[in-house]
Amino acid sequence: MDNLALIDQYAAGPAAVRAALDGSTATELDTRPAAGAWTAREIVHHLADSETNSYVRLRRMLVDDGTDIQVYDQERWAAEPRLGYDGPIELPLVVLEAVRASSAALLRRLDDGDFARAGHHVEHDTYSVQRWLEIYADHAHDHADQIRRARRGEP
């Protein structure tokens, strides 16, 4: 898939998440499909946190040569009561939409050299803007599928 198609897929992620949530009840949002699995509500909060982390990663790779990519323990964040993963989903959805729109606009301005810029990630070693885009183009769509399954109580 070429970068323009990947950017379009990336930009469409929040709409896919909203569609997966359409008509959800509180019970569906809070159904834990299996021990250790996230609820639909937790997935939405994760998406906002993941997106804001990815926003910083992208910009650091573009500005700081060979930057160390910050990682975070997503399971720990989801389990931390102060982060409110049991709270309302509208604000995290707005965060996801706004941050994605900003990053998509930035991505559309990049050239081939920019996509080759990279940093170091402890899980992925060399981590380029290209790899970042390939991962995040699917991320929200994958979680939209996970939300649909969670709402049905399927792992």
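**Briefing: cores, pocket and salt bridges**

Ser-128 has a relative accessibility of 15%, so this residue counts as buried, the limit for buried being under 20%. The model is a predicted one.

**Around Ser-128**
- Ser-128 belongs to strand 2, which covers residues 125–128.
- Leaving aside residues up to four places away in sequence, Ser-128 touches Met-61, Phe-115, Ala-116, Arg-117 and Ala-118.

**Nonpolar cores**
- The largest nonpolar core is made of 19 residues. Val-17, Leu-21, Val-44, Leu-47, Ile-89, Leu-93 and Ile-147 have the most contacts inside it.
- Helix 1 (3–21), helix 3 (40–63), helix 5 (90–108) and helix 7 (129–151) are the elements that each give two or more residues to this core.
- Leu-93 is in contact with Val-17, Arg-18, Leu-21 and Val-44, when residues up to four places away in sequence are not counted.

**The largest pocket**
- The volume of the largest pocket is about 280 Å³.
- Its lining consists of 15 residues, and Arg-57, Gln-74, His-121, Glu-123 and Tyr-136 are the ones nearest the centre.
- By type, the lining has five nonpolar, seven polar and three charged residues.
- Helix 7 provides the largest share of the lining, four residues. Helix 3 and helix 7 each supply at least two lining residues.

**Salt bridges**
- Side chains with opposite charges can pair when their charged atoms come close. The structure has 13 salt bridges.
- In one of them, Glu-90 pairs with Arg-18, with the closest N and O atoms 2.8 Å apart. This pair links distant parts of the chain, since Glu-90 is in helix 5 and Arg-18 in helix 1, 72 residues apart.
- Glu-90 counts as partly exposed because its relative accessibility is 42%, and Arg-18 is also partly exposed, at 28%.
- Arg-82 forms a salt bridge with Glu-80, the closest N and O atoms being 2.7 Å apart. Arg-82 is exposed at 74% relative accessibility, whereas Glu-80 is partly exposed at 24%.
- Arg-131 pairs with Glu-134, with 3.7 Å between the closest N and O atoms. Both residues lie in helix 7, three residues apart, which is about one turn of the helix.
- Arg-131 is partly exposed at 35%, and Glu-134 is partly exposed at 34%.

Notes:
Residues numbered from 1 in each chain as written. Predicted model: local features only at pLDDT ≥ 70, side-chain atom pairs only at ≥ 80, totals over all residues. Heavy atoms only, no water. Core = buried A, V, L, I, M, F, W, Y, C linked by side-chain atoms within 4.5 Å. Buried < 20%, exposed > 50% of the residue type's maximum accessible area, 1.4 Å probe, protein only. Contact = heavy atoms within 4.5 Å. 1 Å grid on protein atoms, 1.4 Å probe; cavity = no way out; pocket = protein on both sides within 12 Å on 5 of 7 lines; lining within 4 Å. Points joined across faces, edges and corners; volume = space filled by probe spheres on them. Nonpolar A, V, L, I, M, F, W, Y, C, P; charged D, E, K, R; others polar. Salt bridge = Lys/Arg side-chain N within 4 Å of Asp/Glu carboxyl O.
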